[in-house]
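Biologist: I would like to learn how to read the packing of helices in a structure. Could we look at one together?

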Amino acid sequence: MSTTTETKTEVEKTAIELISEPLTLQCGLTLPNRLVKCPMQETLAIAPYFDPPMEAFSNLYSKWAKSSYGLIITGQVQVDRRFLSIAGDVCVHEKSLEPEVLAIWKQWAKTAQSEGTPCIVQIAHPGRMSPMGAGIRPVDMPALCPSSVPVVLGDSWLDKMALEKVLGTPKAMDEQEIDDVVEMSGYAVVHGAIVAREAGFAGCQLHGAHGFLLSQFLSPHTNRRTDCYGGSAQNRMKLLRRLVTEIREVCPRPYCLSVKLNSADYMDAGTGLQQDEGLEQVRWLVECGMVDFVEISGGNAENKTSGLHQSFGKKTIDKAPKMRESTRIREAFFTEFAEKVQSLKSPVPIQLSGGFRSRTGMADALDSGICQMIGLGRAAVLEPELPRKVLLNPDYDDELALGMSHIVKGQWLSNLVPIKVIGAGLPIQFFYYNMKRLGKGLSSDPDASIPYVIAMSIWETVSSGWSKSIQQVIASISGGARVKTE
């Protein structure tokens, strides 16, 4: 009788009640609701140390802090200044724990958590996805990868030439280089977790998705090793198991530890990580007893069918669908895989990210049990206050409680560019542009087109060059007085 009553109560919860429910993780951290601000690269840090750029982050993270998310996950923080995924990534380094630098990190943590929402740091290494010039490595130093497998985008000679110039052929990592990524002082993932802890963040998330280094080890496409780090599905997980174990040893609970994983690589049939192997990776994470939640995503730079990566030009919905027990809404891109994860009966909460637009779509996913947390990425950039203003606001009926479609205008320019590695990367610039606007205290501009964003980027580069030149002239006129131009 008791069970029947509980089931009935669960069914009768409204959409806003479902997404508003608090959630306590195994580490003891309580999220005030189920909405998570996903990691989105801010691209605002400055060389040579790429410390958190607090002038911009004070605006950006205070905006998210006031927007009533249940959890905030920062943009990627890289662990090695030589290997960034894009110019402007924040990076931990050998001086990050020194008082002067750590004070900047503490300010970031305080800003992000100023309204009571906990914040964790996403820690990453790009591996073979580190373009030349994004970090501080010498021009003759190749990017790293489990095996020497270059990125392939397009078949034309222009594509091949551009990829060779931008990414080159990565170096297959030896075991010492793997050890360095894990534990080398000042240049390692474990160091990044410690910096996050000492700064006052609630925890960290390992980025094991989207074709970055950890994802490269987990995928048979990029991991063709025959040693203890490759050759079998179990061996491909060794780096993941090692990182989770070693972080948990130095950062015990109540420190929150999460992992973001690919459901699959979504490449050509039979190529790359498949869902069955991805499911076994999730199984280990939810059964190991060390991880507090797992985020599910998918795809990489070479993906062909990932809904997340193919969605820049798609209009979604004008009106939110109604919740029905008999018909699930299935709004998220990776719902099919999440349903497979559900069969594991995971004791660890699952975060599903990508594709959510409506309050009812989010609530339906929670009510069905395929996930316990809802990730919002692009929405957090275009409508940073969406949770507070709309999704959690009872003044909005379910039918109208939804985010805007994330259509990027001017994609004709992407299609016009004959070099795929350049053309395919243009739509994401729209989101980087809008994060820069938020960092300046401005609102996002969802109507900005790719040509406009590119033109503004060129203008800022030229203007910055003029500014530095003028400063240098003033310095020379003033008898060589020091004028800061970095």
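**Reading helices and cores**

Modeller: What covers the buried residues of helix 10 includes helix 6 (175-183), helix 7 (189-199), strand 10 (203-208), helix 8 (213-218), strand 11 (256-262) and helix 11 (275-287); helices (H or I, at least four residues) and strands (E, at least two) are DSSP runs, numbered from the N terminus. This is a predicted model, in which local features need pLDDT of at least 70, side-chain atom pairs count only at pLDDT 80 or more, and totals for chains, interfaces and linings use all residues. Residues are numbered from 1 along each chain as its sequence is written, and side-chain values use heavy atoms, with hydrogens and water left out.

Biologist: Which residues of helix 10 are buried?

Modeller: Buried means under 20% relative accessible area (1.4 Å probe, protein chains only), and in helix 10 this holds for L239, L240, R242, L243, V244, I247 and R248.

Biologist: Which residues have the most contacts inside the largest nonpolar core?

Modeller: In soluble globular proteins, nonpolar side chains tend to be buried together. A nonpolar core is a set of buried Ala, Val, Leu, Ile, Met, Phe, Trp, Tyr and Cys residues joined through side-chain atoms within 4.5 Å. The largest one here has 112 residues, and those with the most contacts inside it are W105, W108, F201, V244, I247, L352 and I374. A second, separate core of 13 residues includes L25, C27, L71 and C256.

Biologist: At what angle do the axes of helix 3 and helix 18 cross?

Modeller: Two packed helices are described by the angle between their axes and the distance between the axes. The axes of helix 3 (residues 54-65) and helix 18 (residues 426-439), as lines fitted to C-alpha atoms over the stretch in contact, with angles from 0 to 180 degrees between N-to-C directions, cross at roughly 95° and come within 7 Å. Helix 3 is therefore roughly perpendicular to helix 18, a term for angles of 65 to 115 degrees. The contact (heavy atoms within 4.5 Å) is made by E55, A56, N59, L60 and W64 of helix 3 and M435, L438 and G439 of helix 18.

Methods: Buried means under 20% relative accessible area, exposed over 50%, partly exposed in between (1.4 Å probe, protein chains only). Angles under 35 degrees count as roughly parallel, over 145 as roughly antiparallel, 65 to 115 as roughly perpendicular and the rest as oblique.
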